[in-house]
Structures are given as structure tokens and as C-alpha cells.
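Here's a quick briefing for anyone meeting this structure for the first time. Have a look at the sequence and the model, then read on.

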Amino acid sequence: GSALHGLGPPRRYGSIVASGVLGLGSTRAQDEEAVLRLHDALEPCGTLVLDNEESPWDWRPRDWSHEPARKTTPDGVEFALWSRVDAVDEDDRCVHMTIRAQTSDGRGEEHELTMRQWYRDELVPLLERTGFAAVDVKAGADESTLVYVASRHGHVLRGGLHARKGFIDRT
């Protein structure tokens, strides 16, 4: 897969679901580019469904987690995941982390990553600036997740015309 801000799909889609990807491994400018690319990948009346974790900002640098998160695959291989917070950029609300994974069959990897926090008061205006005509915010899977349902255009007018924020686009 490619980075979200480098998205260039071969066709347009009626709907796109982007889950757990905004702010992951990218800069703020790249996130803004990603939203534009998602908009452009939609058909004229397409809909973007984007979830976003919006828990209170309380990140601090810390050493490796003492107890790993553990998951087991259907074929019985156990994955153990540890994380370390290397640095925190308060102004950009960005966390620099290292993730370490080990499996019960002896494999292991370590990766650095960044996670950037976005909040509703900046995400709704970003979606609107990008050209989404209507943005509906709904409760997500848990209390810290919001789901943004953004329509690329407003209602369909007669004759294949679409209204969008004072503009009429011919399709």
C-alpha cells in the first residue's frame, strides 16, 4: 500500500472508508493532502467515512511498556507488542514512538512511527475547506472515537448538476 497522502486510485469511488489512518506516520501537511486526495478519489456525490480517535492529549515520553499486548493468530502464533514513547511534540500534537513485535515462533521486528492527534474543531473545517459540502459527526465504536461522514457534494439538482458550496459542477 501507499501513503494516504500519495493516494492516486485508478478510478473514482461512490464511498471510501478510512479507518485508523489519519495522522499515522505523516506530517500535518501530508494529512491535509490526504484529505484532498480522498475527496478527489470520490465520485461527484460520493461519501467519505473517516474515523478519528479524539482522546484527551496526555502523552509523555516513557520507556518500554512493561507488559506487552498479546494476540494469537488462528494458526496459534502469538504476537507480543511493546511500545516506547520517544518524544512528544505538544504544539503539533505528535507522538514519536517505537513499536517492537515478537512472535512465539522466534520472529521479531522494531519500527519507529509517529501518531498525530486531530480534533473535531480542526477536522470539520479541514473537510469543508477541501470541498466536502456536508460533514456529519457521529459517535464511534468507543467514547474516544468520532466518525466523520463527509459528502463530496450537496444534493443532486435536475439535469445532472450538483450543488456544492455555491458552485454548480457539471458531471
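The protein chain has two helices and 10 strands. Keep in mind that this is a predicted model. From the N terminus, the elements go β-α-β-β-β-β-β-α-β-β-β-β. Of the 171 residues in the protein chain, 35% are buried. As for contacts with a separation of 6 or more, 56% of them are between residues 24 or more positions apart.

- E1 and E2 run in the parallel sense, with five bridges between them.
- Ser15 has Thr47 in E2 as its bridge partner.

**The antiparallel sheet**

- There's also an open sheet of four strands ordered E3-E4-E5-E6, and here the pairing is antiparallel.
- Its edge strands are E3 (69–72) and E6 (108–116), and each of them pairs on one side only.
- Neighbouring strands in this sheet are turned by 25° against each other on average, again with direction ignored.
- E4 (residues 78–89) pairs with E5 (residues 94–103) in the antiparallel sense, over 10 bridges.
- E5 also pairs with E6 in the antiparallel sense, this time over nine bridges.
- E5 and E6 make a hairpin with four residues between them, and Gly106 in the turn has a positive phi of about 95°.

- Which residues stand opposite Cys94? Asp89 is one of them, and Arg116 in E6 is another.
- Cys94 counts as buried because its relative accessibility is 2%, under the 20% cut-off.
- Arg93 belongs to the loop between E4 and E5.
- Most residues other than glycine have a negative phi. Arg93 has a positive one, near 50°, and isn't a glycine.
- Arg93 is at 17% relative accessibility, so it counts as buried.
- Thr114, which lies in strand E6, is also at 17% relative accessibility and therefore counts as buried.
- Setting aside neighbours within four places in sequence, Thr114 touches Gly23, Leu24, Gly25, Ser26, Cys94, Val95 and His96.

- H2 covers residues 120–130, and its buried residues are Leu123, Val124, Leu126, Leu127 and Thr130.
- Why do these buried residues line one face of the helix? Looking down the axis of H2, they fall within an arc of 160°, so they end up on one face.
- Asp121 and Arg129 are exposed, on the face of H2 turned away from the buried side.
- Gly131 follows H2, and its phi is positive, near 120°.

**The nonpolar cores**

- In soluble globular proteins, nonpolar side chains tend to be buried together.
- The largest nonpolar core here has 19 residues, and Leu48, Leu50, Leu123, Leu127, Phe132 and Tyr148 have the most contacts inside it.
- E1 (13–18), H1, E2, H2 and E8 each supply at least two residues of this core.
- H2 gives the most to it, with four residues.
- Beyond its neighbours within four places in sequence, Leu127 is in contact with Val35, Leu48, Phe132, Val135, Tyr148 and Ala150.
- A second, separate core has five residues, including Trp57, Val85, Val95 and Tyr119.

**Cysteines**

- A disulfide is a covalent bond between the sulfur atoms of two cysteines.
- How many disulfides does the structure hold? The number is zero.
- Is Cys45 buried or partly exposed? Cys45 counts as partly exposed because its relative accessibility is 37%.

How values were computed
Residues numbered from 1 in each chain as written. Predicted model: local features only at pLDDT ≥ 70, side-chain atom pairs only at ≥ 80, totals over all residues. Heavy atoms only, no water. Pairing = 2+ DSSP bridges. Axes fitted to C-alpha atoms, helices over the stretch in contact; angles between N-to-C directions. Buried < 20%, exposed > 50% of the residue type's maximum accessible area, 1.4 Å probe, protein only. Arc of directions from axis to C-beta. Core = buried A, V, L, I, M, F, W, Y, C linked by side-chain atoms within 4.5 Å. Contact = heavy atoms within 4.5 Å. Disulfide = S-S within 2.5 Å.
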